[in-house]
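Here is a short note for a first look at this structure. Please read the points with the model open beside you.

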Amino acid sequence: MKRIITHADFDGVVCAALCSKATGINYIMFTQPRLVAEARISITKDDIVCDLPYPLECGLWFDHHEGNLEELKYRNIDPSEIKGEFALEESCARVVFNYYQDMDFPDFYAGIVDEADMIDAFNYHSIEDWRRTTPGKILDSTIKLKEESADIKWEFLRNLVRQLRDRPIDKVANMPSVQKRYRIYKNEEERMLKEIKQDAVFLEKDIERNLIILDTTQHNHRPNILKHLAYLVYPDALAVLQISNLYEHMTKTNHLSFSMSLSLNMTDNNHNKNVGDIMRTLNLGGGHPGAGAGTIHCSSKDEMLKTKDRIAHEIYDLFCEQ
C-alpha cells in the first residue's frame, strides 16, 4: 500500500499517525466524508482509508461511524469481509489503535488516543471541562483554523501527523509553530462568538429554547463557525443545529448542509436522543448518537429557503419525539 487517506480533523490526523507508524507509509492525503461518499476522489486497493465512508475499493478501511455501517448494509456489503476494522468506538483512532495492538507502539500513543476519544465524541461533562486547555484541544483548535489556501492546511496537517507519530502530544502542542496558530485561533474564536450571537435563533414553537438554530445561509461567504461555541451563548440548550450552504470551488450554491450535536447538558442524562438517527430518518446523512450531519440539494434559491425551513422543523420534531 502507498497512501493513507484520512479525514481532515483531529481524529483523522491521529489515525494517520498510527497507521504511518504501523505501516511505514508517509504519503498522507486529507479529505472530507462527502467527497468520498460521492466518489469524487480516486481511491484504490493501494490506499488505507481512515475515519471516512467506505469507498468503492481500498486496501484497509478503518471507521467508527454508525451511519457508514448503515450504508454498508444498504449496499449489501458485509463489513466483516472488508480488510481493516469497523467498531462503534468513540474515535476512529481507537479503532486503529486496537487493530494494531500487537505493534510495539510508543507508550505515549495511549494518551494521544485518549484525547482523540474525548474530542471526537465531545464527551465532556461540563462547560468547564470542555474549556479546560489540553494538548489535544490545542491541536484540534489549530486544525480548525481557516487557511488562506488548502495547500497550506494540508502541509500543516501532514507535519502534525509526522510529529504525533514520533513525539508525545504535549511536546507537539508546545511547538512554536503550533502555539502561534493557537493564538490566532483564540482571536478567531472571539469573532465566531460575535457571529453566533447574530445568527443563532430558535424556532417559534421551541418555547423552552432547547435547539439552537445556527443559520448562516444569509452570508455570501463560507462561514467559519464552530457550532459548539453556541453553548457559551446559550448554556441551557440541549442541542445545536448549524445550517449552511454548500460551496463549490469557492462559489456559494443553493445546496444545504445540516450539522447537529447534543450539548453538554445531555452528557450525563439518561435519554434516547440520537442525532445520527435523525439524519438517517430524513435521508440527509448519518452520524453518532451525539452528533450527525447531512446534505440536501436544491435547484433554486426559493427551493433552498423552503427546504431549509421544512428540514429545521422536521429535525426539531424528531428530536422532541425521541
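Is Phe-30 buried or exposed? Phe-30 counts as buried, at 5% relative accessibility. Here buried means under 20% relative accessible area, exposed means over 50%, and partly exposed lies in between (1.4 Å probe, protein chains only).

1. Basis. This is a predicted model: local features need pLDDT of at least 70, side-chain atom pairs count only at pLDDT 80 or more, and totals for chains, interfaces and linings use all residues. Residues are numbered from 1 along each chain as its sequence is written, and side-chain values use heavy atoms, with hydrogens and water left out.

2. Aromatic pairs. The count comes to 14 aromatic pairs. The rule takes rings of Phe, Tyr and Trp (its six-membered ring) with centres within 6.5 Å; planes under 30 degrees apart count as stacked, over 60 as edge-to-face and the rest as tilted. One of them joins Phe-30 and Trp-154, a stacked pair with 6.2 Å centre to centre and 15° between the planes. This pair links distant parts of the chain: Phe-30 sits in strand β2 (residues 28-31) and Trp-154 in helix α8 (residues 150-166), 124 residues apart. Helices (H or I, at least four residues) and strands (E, at least two) are DSSP runs, numbered from the N terminus. Trp-154 is partly exposed, with a relative accessible area of 24%.

3. A tilted pair. The ring centres of Phe-62 and Tyr-100 are 6.0 Å apart and their planes lie at 50°, so this pair is tilted. Phe-62 belongs to strand β4 (residues 60-63) and Tyr-100 to the loop between α4 and α5, so the pair ties together parts 38 residues apart in sequence. Phe-62 is buried, at 0% relative accessible area. Tyr-100 also counts as buried, at 10%.

4. Ring cluster. Which residues do ring pairs link into a cluster? They are Phe-97, Phe-105, Phe-108 and Tyr-109. Phe-105 is in the loop between α4 and α5 and is buried, with a relative accessible area of 10%. Leaving aside residues up to four places away in sequence, Phe-105 touches Leu-18, Lys-21, Ala-22, Phe-97 and Tyr-100. Contact means heavy atoms within 4.5 Å.

5. Helix packing. The axes of helix α4 (residues 92-99) and helix α5 (residues 109-121) come within 8 Å and cross at roughly 150°. Axes are lines fitted to C-alpha atoms, for helices over the stretch in contact, and angles run from 0 to 180 degrees between N-to-C directions. From α4, Ala-93, Arg-94 and Phe-97 meet α5 residues including Tyr-109, Val-113 and Asp-117. By class, this contact has six nonpolar, no polar and three charged residues.

6. A buried glutamate. Glu-189 is found in helix α10 (residues 176-199). Glu-189 counts as buried, at 3% relative accessibility. Residues up to four places away in sequence aside, Glu-189 touches Arg-131 and Leu-229.

Definitions and conventions: Nonpolar A, V, L, I, M, F, W, Y, C, P; charged D, E, K, R; others polar.
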